[in-house]
Amino acid sequence: MEKSTIAKFALPVLLVSMLAACGEEEVAKKEEQYAIPVETTTVMQGNVSSFYSTTATLEAPQEANVVSRIAGLIEAINVEEGDRVQKGQILAVIDAKRQQYDLDRSEAEVKIIEQELNRLKKMTNKEFISADSMAKLEYNLQAAIARRDLAELQVKESHVVSPIDGIVAKRYVKAGNMAQEFGDLFYIVNQDELHGIVHLPEQQLTSLRLGQEAQVFSNQQSKNAIHAKVLRISPVVDPQSGTFKVTLAVPNQNAHLKAGMFTRVELKYDTHENVITVPYSALINQDNKQALYVIDGSNANRREVEIGYREGDSVEVVSGIKPGEQVVTRGQQNLKDQSLVEVITPLDLASAKN
């Protein structure tokens, strides 16, 4: 009887002990299961600038439509589209035989009148020469010289030259075509420096100054910035659009940009130096408040912060954290205040995938 009684009492105690042990194991498993993997970074100090984002159309400050100054058959084309040319370089040659004949005739007329004037001036009997005749000869000489110089200019203009340094953007004619007087032959553009035309709201007028820095991006997705400067600021505001014109000087020595391109521009207004910065991706917007998750041992504590300037993926934190602290940069969407976390690195992720 005693043995059976002991067995009756021992069996429930044993079952309770086994259940308690199983419960502890399940709690331990749950605790391990809820350790959320996150990536972190160290809070740093650096410089952050304030930018105003807008768009700009690029223009070439130097461009020229090269026209024919005389009519004639085009004998030779010396350049093609895409060729770089220099000021004064011969682009094409026009047949100038008629102009050369006019020049020869004009030179002959000048020589005849000069000889006649020299003969009269050497005469000893000056009373036989009227002052009116001498004056007419001198006027005729001036007119002949003018005709000669004009004919010489037309012969010179048969060699079409580039008025500026640049690149041949368009060629309108071919060798053997008939060039018309003042007809288009070439379009030359210099793109070593471009002008970015920006139209800003009048509220920004007080924030701009000559020489102010700007960053130009070739498209919306590009991250390679070209550093430009404010070249000109229009002093008037368009009453219809409420904007004013700003011209940026955009260097383009590598020829990555082209005239006519539509670009993204960020005008730098101000810079805060040696401030606390974190990656913008680390921020969480909850209840219209910005917050960060800061690592404290094996937990992530939610901490509200006040942010300032943002530059690219870096943002200034005015208050809420200190340099050297660890903040969560990936995985924070799954966190709550005091969440248990496991800090991992991108190298750990790569190893796990392999």
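Reader: Over how many bridges do strand β8 and β10 pair?
Author: This is a predicted model, in which local features need pLDDT of at least 70, side-chain atom pairs count only at pLDDT 80 or more, and totals for chains, interfaces and linings use all residues. Residues are numbered from 1 along each chain as its sequence is written, and side-chain values use heavy atoms, with hydrogens and water left out. Strands are DSSP runs of E of at least two residues, and helices are runs of H or I of at least four, numbered from the N terminus; two strands pair if DSSP finds at least two bridges between them. Strand β8 (residues 166-171) pairs with β10 in the antiparallel sense, and the number of bridges is four.

Reader: Which residue in β10 stands opposite Arg171?
Author: Strands of a sheet pair through backbone hydrogen bonds. In β10, the residue opposite Arg171 is Phe186.

Reader: Which are the edge strands of the open sheet of four strands?
Author: The order in this sheet is β3-β10-β8-β5, with antiparallel pairing. Each edge strand pairs on one side only; these strands are β3 (62-67) and β5 (84-85).

Reader: How far apart are the end C-alpha atoms of helix α2?
Author: The expected span is 1.5 Å times one less than the number of residues. Helix α2 (residues 97-122) has 26 residues and should therefore span 38 Å; in agreement, its end C-alpha atoms are apart by 38 Å.

Reader: What do the buried residues of α2 pack against?
Author: Buried means under 20% relative accessible area (1.4 Å probe, protein chains only). Among the buried residues of α2 are Leu103, Val110 and Leu117. The buried residues of this helix pack against α3 (131-156), with contact meaning heavy atoms within 4.5 Å. The element is α3.

Key: Buried means under 20% relative accessible area, exposed over 50%, partly exposed in between (1.4 Å probe, protein chains only).
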